[in-house]
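I opened my notebook to work through this structure one step at a time. My plan was to begin with a single residue and then widen the view.

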Amino acid sequence: MKSTIPDTGVPITPPASNGDRQENRHEASLHGEILLRLRDYVVEGNIPEGARVPERQLCEMLGISRTPLREALKVLAAEGLIELLPNRGARVRQLSQRDLEELFDVMAGLESLAGRLACEAITDAEITAIEQLHYEMYGYYLHRDMHGYFQANQRIHESIVAAARNETLKTAYANFAGRIRRVRYSANFARRRQRWAEAMREHEAILDALRRRAGSELSDILFQHLRNKRTAAIEHLTEPQESVPASP
Ligand SMILES: [Zn+2]
């Protein structure tokens with residue numbers, strides 16, 4: 001299938017919006033909102049890998065006290081994004097090159113399996129929903145909006161996993177996805193391979209195979225998609241870090 005995806009240079013993206021949504025909400029949705037914003041903040045590389053989580057600064061940024069912040073940090077620790085320290089602090093989890101290689105290979109296997117199973121069970125409505133996410137993601141790509149792109153991208157991958165109709169797979173996927181989410185985001189900034197354009201072209205092939213319910217083809221494409229992501233992540237790990245968006 002011929003791709004129409006243009007190459008772009010290093011993406012420039014504004015930091016995640018903050019502080020502009022302060023309406024009254026009930027507690028549960030407030031907790032969810034804090035969690036979302038904190039997760040994005042960590043995933044988008046605003047705290048260096050291995051560095052302590054600046055709790056006081058985050059409380060100010062989110063307009064909350066320590067207790068709800070600690071609750072949210074516990075969730076992120078369970079997802080594997082951060083580690084809680086014995087003295088009540090927390091730091092961003094650091095992954096070695098070997099950790100990354102292993103995690104991306106396991107994710108490649110899980111996504112590949114998900115693609116194969118999804119083609120056996122996915123409904124037309126689910127394919128339509130993924131198509132919509134795909135075009136939404138393409139719009140973010142054209143506007144070089146990495147924040148929006150990444151959100152849509154995650155939802156596409158999660159939708160394929162959900163369409164596999166396998167709770168065991170879904171749980172394993174969520175567990176590993178949390179641990180590499182941060183690296184997966186920053187890998188899009190790897191320069192040498194024009195990774196972002198390459199990923200967008202791969203997503204065209206993913207959608208194409210899904211529409212045809214071509215299970216083994218989709219399985220191979222998803223495996224390679226994660227392989228390429230792995231290469232970009234390792235390159236990003238070993239290249240100078242100035243292409244990561246700075247703190248707001
Ligand atoms: Zn993807």
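**Entry 1: a residue in a loop.** I started with R213, which sits in the loop between helix 8 and helix 9. The model is predicted, so I kept to local features with pLDDT of at least 70. R213 is not a glycine, yet its phi is positive, about 50°. I then asked how R213 counts by its C-beta neighbours inside 10 Å. R213 has 14 of them, so it counts as partly exposed. The cut-offs behind this are 20 or more for buried and 12 or fewer for exposed.

I looked for another residue of this kind and found R144. R144 lies in the loop between helix 5 and helix 6. Its phi is also positive, near 50°, and R144 is a residue other than glycine. R144 has 16 other C-beta atoms within 10 Å, so it is partly exposed.

**Entry 2: the helix before R213.** Helix 8 is the element that R213 follows. I noted that helix 8 covers residues 195–211, which is 17 residues.

Next I listed the buried residues of helix 8. They are R195, W196, A199, M200, H203, I206, L207, A209 and L210. I kept a general rule beside the list. An α-helix has 3.6 residues a turn, so residues three or four places apart point the same way. Then I asked what covers the buried residues of helix 8. The cover includes helix 5 (124–142), helix 7 (167–187) and helix 9 (215–238).

**Entry 3: helix 7.** I turned to helix 7 and checked its span. It has 21 residues, so at 1.5 Å a residue it should span 30 Å. Its end C-alpha atoms are 28 Å apart, which agrees. Where is the kink in helix 7 centred? I found it at I180, with a bend of about 55°. I180 is also on the list of buried residues in helix 7. Others on that list include Y173, A177, R182 and V183. R184, Y185, S186 and A187 are buried as well.

**Entry 4: helix 6 against helix 7.** Two packed helices are described by the angle between their axes and the distance between the axes. I looked up both values for this pair. The axes of helix 6 (residues 146–163) and helix 7 come within 11 Å and cross at roughly 160°. Angles over 145 degrees count as roughly antiparallel, so helix 6 is roughly antiparallel to helix 7. Which residues make the contact? Helix 6 gives F150, V161 and A162, while helix 7 gives L169, K170, Y173 and Y185. Y173 and Y185 were already in my notes as buried residues of helix 7. The crossing of helix 6 and helix 7 is right-handed.

**Entry 5: helix 4 against helix 9.** I repeated the check on another pair. The axes of helix 4 (residues 97–121) and helix 9 come within 8 Å and cross at roughly 160°. That angle makes helix 4 roughly antiparallel to helix 9. The crossing of helix 4 and helix 9 is right-handed.

I picked E102 in helix 4. With 14 other C-beta atoms within 10 Å, E102 is partly exposed. How far apart are E102 and R230 in sequence and in space? They are 128 residues apart in sequence, and their C-alpha atoms are 9.4 Å apart.

**Entry 6: two exposed residues.** D124 lies in helix 5. D124 has 8 C-beta neighbours inside 10 Å, so it counts as exposed.

R56 is in helix 2 (residues 55–62). Is R56 buried or exposed? R56 is exposed, because it has 9 other C-beta atoms within 10 Å. The C-alpha atoms of R56 and L69 are separated by 9.5 Å, and the two are 13 residues apart along the chain.

**Entry 7: the whole chain.** Last, I stepped back. The chain has 9 helices and 2 strands. From the N terminus on, the elements run α-α-α-β-β-α-α-α-α-α-α. Buried residues make up 30% of the 248 residues. Residues 24 or more positions apart account for 76% of them.

Note on methods:
Residues numbered from 1 in each chain as written. Predicted model: local features only at pLDDT ≥ 70, side-chain atom pairs only at ≥ 80, totals over all residues. Helix = DSSP H or I, 4+ residues; strand = E, 2+ residues; numbered from the N terminus. Expected span 1.5 Å × (residues − 1). Contact = placed C-beta atoms within 7 Å. Bend = angle between axes of the 7 residues up to and from the residue. Axes fitted to C-alpha atoms, helices over the stretch in contact; angles between N-to-C directions. Parallel < 35°, antiparallel > 145°, perpendicular 65-115°, else oblique. Left-handed = near helix turned anticlockwise from the far one by under 90°.
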